[in-house]
Amino acid sequence: MQAPERPDDPPVPAQAFTEHALRSHLAVAAVSTARGFGLAIRPGRLDSQALLSVLGDRYGYWTDDIEHADPFNWPATQDDAI
């Protein structure tokens, strides 16, 4: 799991990238980010959308903080919020 990706590795199937899977991984990343900011995450059911809102509103989670090239060259839209 920790080895670098190699050219002869099998491709990840597209079915692995469902909306549910991506949102689940985003929720895990949000908890890790919150802990990195020193926030306490209590055990039990977590409203991941509420946590993402706090991270976005108070910590600029969705805001780019440095100029960089868009790796995908996609136009940004107002509907891109999660």
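Student: Where does Leu-52 lie?

Tutor: Leu-52 is in helix 2. Helices are DSSP runs of H or I with at least four residues, strands are runs of E with at least two, and both are numbered from the N terminus. The model is predicted, so local features need pLDDT of at least 70 and side-chain atom pairs count only at pLDDT 80 or more, while totals for chains, interfaces and linings use all residues. Residues are numbered from 1 along each chain as its sequence is written, and side-chain values use heavy atoms, with hydrogens and water left out.

Student: Is Leu-52 buried or exposed?

Tutor: Buried means under 20% relative accessible area, exposed means over 50%, and partly exposed is in between (1.4 Å probe, protein chains only). Leu-52 has a relative accessible area of 4%, so Leu-52 is buried.

Student: Which residues does Leu-52 touch?

Tutor: A contact means heavy atoms within 4.5 Å. Leaving out residues up to four places away in sequence, Leu-52 touches Leu-26, Ala-30, Tyr-61 and Trp-62. For Leu-52 and Ala-34, which are 18 residues apart along the chain, the C-alpha atoms are separated by 9.2 Å.

Student: Which residues form the largest nonpolar core?

Tutor: In soluble globular proteins, nonpolar side chains tend to be buried together. A nonpolar core is a set of buried Ala, Val, Leu, Ile, Met, Phe, Trp, Tyr and Cys residues joined through side-chain atoms within 4.5 Å. Here the largest one has 7 residues: Leu-26, Ala-30, Val-31, Ala-34, Leu-51, Leu-52 and Leu-55. Helix 1 and helix 2 (48-59) are the elements that give two or more residues to this core. Helix 1 gives the most, with 4 residues.

Student: What does Leu-55 touch, not counting residues up to four places away in sequence?

Tutor: Its contacts are Ala-30, Thr-33, Ala-34, Phe-37, Leu-39, Gly-60 and Tyr-61, with residues up to four places away in sequence not counted.

Student: How many aromatic pairs does the structure hold?

Tutor: A pair of aromatic rings is described by the distance of the centres and the angle of the planes. Rings of Phe, Tyr and Trp (its six-membered ring) pair if their centres lie within 6.5 Å; planes under 30 degrees apart count as stacked, over 60 as edge-to-face and the rest as tilted. The structure holds 2 such pairs. Phe-37 and Tyr-59 are stacked, at 4.5 Å centre to centre and 20° between the planes. This pair links distant parts of the chain, 22 residues apart: Phe-37 is in the loop between helix 1 and helix 2, and Tyr-59 is in helix 2. Tyr-61 and Trp-62 have ring centres 4.9 Å apart and planes at 85°, so this pair is edge-to-face.

Student: How many salt bridges does the count come to?

Tutor: Side chains of opposite charge can pair when their charged atoms come close. A salt bridge is a side-chain nitrogen of Lys or Arg within 4 Å of a carboxyl oxygen of Asp or Glu. The count comes to 2 salt bridges. One joins the side chains of Asp-8 and Arg-6 (2.9 Å, N to O). Asp-8 is exposed, at 55% relative accessibility, and Arg-6 is partly exposed, at 49%. Another joins Arg-23 and Glu-19, with the closest N and O atoms 2.9 Å apart.

Student: Why are Arg-23 and Glu-19 separated by about one helical turn?

Tutor: Arg-23 and Glu-19 are separated by about one helical turn because they are 4 residues apart in helix 1.
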